[in-house]
Amino acid sequence: MTSTPYTVADVMTSKVIAVTPSTGFKDIAAAMERWKVTALPVVEGEGRVVGVVSEADLLAKEEFHERNPGLIEQMRRLGDTAKAGSTRAEELMTTPAVTIRPDATLPRAARLMAHRHIKRLPVVDADGTLQGIVSRADLLKVFLRSDEELAAEIRHDVVERLFPLSHEAVGVTVSQGIATLTGEVCDRDVIPMAEHLTRSVEGIVDVRCRLQAPAAA
C-alpha cells in the first residue's frame, strides 16, 4: 500500500575500491589508508567477488611480528597465525565473501550485518559481479530525510489511502523523525493499520498515534 521500500541499490556506494587475489600486503594497507576504508572486496576476472580482506586480516601480521606463537596457540588460532605469514590478498581474505543483492531491503542488510558482525557488504548481481558496497552508515541515510518529506509521504501513502472519506480531518506532523497522527476518523478498526504503515515509512524513528473514532453505537 505504501511506496516501494528503499533497497540497498538506493543507498550503496557504486564506485568501489577493490583488489585482486594477487594484490600484495603493503598495497592493500596503502589502499585502505588512502581511501579511508576498513575492508576491501577481492575480485577476479570481470569483477566477480571471491572474498573480502579487512583490517583485522592484516593485523595478525603485526600481532605476531615480534613473537612466535606456541604450539597450543597455533592450533587454537590457525587462521590468524596463517595470515601472519601471508603476503597476498588471496591468502589474507575471508572467503566466501558475505554479499548482498542490490534489490535487498535495508532491514535485510542490517540484519545480515548484525548477524555476521561485519560493517560493510559487497553488493553483487546474480552472477556475483561487484556492483557496489553498502556500509552501516549507508543504511542510516534514510534517517536523513527531512521531516517535511516524511510527513508528505505519510499523508499521501497512508492517510489518504486508508481514510478516503475523513483524511482531511487527520493531522500529520513529523518532528525529528517522530510522526504524530491526530484527529477523528470513521473506522476505529483501521487505526492500528495506520500506525503500523506510518512506522514502516523509511526514515521514521517513532510514531505517536492519537487518532480517535466515534464510539460504537
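In the predicted model, the side chains of Arg145 and Glu149 are joined by a polar contact of 3.1 Å. A polar contact is a pair of N or O atoms within 3.5 Å; within protein, one must be able to donate a hydrogen and the other to accept it, and residues adjacent in sequence count only if both atoms are side-chain atoms. Arg145 lies in the loop between helix H8 (136–139) and H9. Helices (H or I, at least four residues) and strands (E, at least two) are DSSP runs, numbered from the N terminus. Arg145 is buried, at a relative accessible area of 11%. Buried means under 20% relative accessible area, exposed over 50%, and partly exposed in between (1.4 Å probe, protein chains only). Neighbours within four places in sequence aside, Arg145 is in contact with Tyr6, Leu150, Glu153, Val201 and Glu202. Contact means heavy atoms within 4.5 Å.

This is a predicted model in which local features need pLDDT of at least 70 and side-chain atom pairs count only at pLDDT 80 or more, while totals for chains, interfaces and linings use all residues. Residues are numbered from 1 along each chain as its sequence is written, and side-chain values use heavy atoms, with hydrogens and water left out.

The protein has 10 helices and seven strands. Of its 217 residues, 41% count as buried. Among contacts with a separation of 6 or more, 58% are between residues 24 or more positions apart.

H9 has 16 residues. From first C-alpha to last, H9 reaches 21 Å, close to the 22 Å expected at 1.5 Å a residue. The expected span is 1.5 Å times one less than the number of residues. H9 bends by about 35° at Arg155. The bend is the angle between axes fitted to the seven residues ending there and the seven starting there. The buried residues of H9 are Leu150, Ala151, Glu153, Ile154, Asp157, Val158, Val159 and Leu162. They pack against E5, E6 and H10. Ala151 has a relative accessible area of 17%. Leaving aside neighbours within four places in sequence, Ala151 is in contact with Val172 and Val174. Ala151 and Leu181, 30 residues apart in sequence, are 10.0 Å apart in space, C-alpha to C-alpha.

The largest nonpolar core holds 22 residues. Such a core is a set of buried Ala, Val, Leu, Ile, Met, Phe, Trp, Tyr and Cys residues joined through side-chain atoms within 4.5 Å. Ile154, Phe163, Ile204 and Leu211 touch the most other members. Two or more residues each come from helix H9 (147–162), strand E5 (171–175), strand E6 (178–184), helix H10 (191–199) and strand E7 (206–212). H9 gives the largest share, six residues. Beyond four places in sequence, the contacts of Ile204 include Phe143, Leu150, Ile154 and Val174.

Helix H2 (residues 25–35) has the buried residues Phe25, Ile28, Ala31 and Met32. Seen down the axis of H2, these fall within an arc of 130°, so they line one face of the helix. The arc is that of the directions from the helix axis to the C-beta atoms. The face turned away from the buried side carries the exposed residues Lys26, Asp27, Glu33 and Arg34.

Backbone features were also examined. Lys36 follows H2 and has a positive phi, near 55°. Lys36 is exposed, at 62% relative accessibility. Gln176, in the loop between E5 and E6, has a phi near 55°. Gln176 is exposed, with a relative accessible area of 68%. A cis peptide bond joins Thr95 and Pro96, with omega about 0°. Pro96 lies in the loop between helix H6 (89–92) and helix H7 (106–116).
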